Amino acid sequence: MAAAAVHRQCGGVSATRAQQRVRCRAAGGSVAAASAAACAPVEAGLLRGPARRSVAGMWRQVQGCDDWEGLLEPDGVHPVLRAEVARYGELVDACYKAFDLDPASRRYLNCKYGRERLLEEVGMPGAGYEITRYVYAAPDVTVPTMEPSTSGRGRWIGYVAVSTDEMTRRLGRRDVLVSFRGTVTPAEWVANLMSSLEPARLDPCDPCPDVKVESGFLSLYTSADKTCRFGGAGSCREQLLREVPRLIDTCAKGRPGEAVSVTLAGHSMGSALALLLAYDLTELGLNRGAPVTVFSFGGPRVGNAAFKARCDELGVKALRVANVHDPITKLPGIFLNEATAGVLRPWRASCYTHVGVELPLDFIRVGDLASVHDLGTYVALLKSGGDKQAAAPPDGGVLAKVMEFVGRRRAGAVPWQDAALQMGGLVQTLGLI
């Protein structure tokens, strides 16, 4: 978004941010403290009986107001939390199921269905959400392939939705959801390799130059493709900073007093976009005081320690569902990360750091190593309560379909480019960049 436009938005929400700061001081001095104050009933031991067994009765805890304390016990994840995390994973999986990978289709690399039909078409007719907008993203990179017209173009990356009245009653609040798919196109793969840190500078009112994020993810979030015939509305960031606050304001005006949450869910690269959006919304005050939660599935690191500290200060809550065998969750910064920052002090500002709380899973299939990052397997394992046999997708999962698509694209690549991509993948896997 242009700096002038964000300045106008900063002015438009300044009163809201000032009010938030007043409330924060009363709660203890930070947005995080204000959010934690909402969890007082749990800390006081008042959330018992039926309330402890329903989403509506414990929605603030499910959304992480107290960093999921007491819900991630060694003997098992709380059943309500487990079911909700799996549900959000399925809403992300819908992006993959609806993504058109047929080169002959006029919607190639975009969504196969209209907003009204998407959830029904992917087998989720009772999902309880109304999709209000599709989201498109375009990394500012060029990939020389046999199909140059597709390089760096805006592609469908996910959707924005709001819970229906029936689902709102079940959840105990109106839920504004943004769902992001992971990496599929060659341009997105190249963007993922751009693992140098650069200042986010998303708030011109307070640039925070020490807050740094991965340049590839930032490019995907902030770059625009004006030729995209389906999006036509600027960058991924510009689309989302219009739609999410609009929905929050609509909910507040239509039903005063109704609780509202903002849930951002994504897989792999999509979880990085979700975290950038969470930071952006709260930094600008565009969440209007609504709690913002990220549910990350197989997500990479996004920024440095200053980025994590700022997210914590702003009250961003992130639950990272991570397979212990998934290499993507250890990237970027396999060497320069939160574990080595204390030893490598001169490079501390360049160390990548995970944000949020981890919900670890443990699965691997011999002969199908790609499954360790497959979203379908993540969701199935959550739904099965840890039963690895029940969690195995019979068709190899979504990732198998994506890899088949990538294989078709690479078959048309020039030899030097194919070799370069393989070397780039090796370097990224080793964490050397």
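## Close-up views of a predicted model

In strand S13, the residue that bridges to Val321 is Leu359.

View 1. S11 spans residues 317-323 and is mostly covered, with seven of its seven residues buried. Lys317, Leu319, Val321 and Asn323 point one way from the strand, while Ala318, Arg320 and Ala322 point the other way. In a regular strand, side chains alternate between the two faces of the sheet.

**View 2. The seven-stranded sheet as a whole.** Stepping back, S11 takes its place in an open sheet of seven strands, ordered S3-S4-S5-S8-S9-S11-S13, with mixed pairing. Strand S3 (129-137) and strand S13 (357-361) stand at the edges with a single partner strand each, so one side of each has no neighbour in the sheet. From one strand to the next, the twist averages 15°. At the S3 end, the pairing with strand S4 (residues 155-163) is antiparallel and covers eight bridges. Look there for Arg133, whose bridge partner in S4 is Val160.

**View 3. Thr293 in strand S9.** Thr293 sits in strand S9, which covers residues 292-297. Leaving aside residues within four places in sequence, the contacts of Thr293 are Gln63, Trp68, Val262, Thr263, Leu264 and Lys317. Lys317 is also one of the buried residues of S11.

**View 4. The largest nonpolar core.** This core has 51 residues, and those touching the most other members are Leu91, Leu118, Leu119, Tyr129, Trp156 and Tyr159. Helix H5 (residues 79-98) gives the core its largest share, eleven residues. Another core, of 49 residues, lies apart from the largest one and has Val178, Leu202, Leu220 and Val292 among its members.

**View 5. Glu90 on helix H5.** Glu90 lies in helix H5 and is partly exposed, with a relative accessible area of 27%. Which residues does Glu90 touch, not counting those up to four places away in sequence? They are Met124, Val379 and Lys383. Ser179 is 89 residues from Glu90 in sequence, and their C-alpha atoms are 9.9 Å apart in space.

**View 6. Helix H12 and the glycine that follows.** Helix H12 covers residues 305-314, and its Phe307, Arg310, Cys311 and Leu314 are buried. Seen down the axis of H12, the buried residues fall within an arc of 100°, so they line one face of the helix. Just after H12 comes Gly315, with a positive phi of about 85°.

View 7. Begin with the peptide bond from Leu331 to Pro332, which is cis with omega near -20°. Pro332 belongs to the loop between strand S11 and strand S12 (352-353). Asp67 has a phi near 60°, a positive value in a residue other than glycine. Asp67 lies in the loop between helix H4 (59-62) and strand S1 (72-73), and is partly exposed, with a relative accessible area of 40%. Arg201 is another non-glycine residue with a positive phi, in this case near 50°. Its loop runs between strand S6 (197-199) and strand S7 (212-214).

**View 8. The whole chain, for orientation.** The chain contains 16 helices and 13 strands. Buried residues make up 53% of its 433 residues. Of the contacts with a separation of 6 or more, 72% join residues 24 or more positions apart. The accessible surface comes to about 18,200 Å², and carbon and sulfur atoms account for 56% of it.

Definitions and conventions: Residues numbered from 1 in each chain as written. Predicted model: local features only at pLDDT ≥ 70, side-chain atom pairs only at ≥ 80, totals over all residues. Heavy atoms only, no water. Helix = DSSP H or I, 4+ residues; strand = E, 2+ residues; numbered from the N terminus. Buried < 20%, exposed > 50% of the residue type's maximum accessible area, 1.4 Å probe, protein only. Contact = heavy atoms within 4.5 Å. Areas by Shrake-Rupley, 256 points an atom, 1.4 Å probe, with all protein chains shown as cover. Core = buried A, V, L, I, M, F, W, Y, C linked by side-chain atoms within 4.5 Å. Arc of directions from axis to C-beta. Pairing = 2+ DSSP bridges. Axes fitted to C-alpha atoms, helices over the stretch in contact; angles between N-to-C directions.
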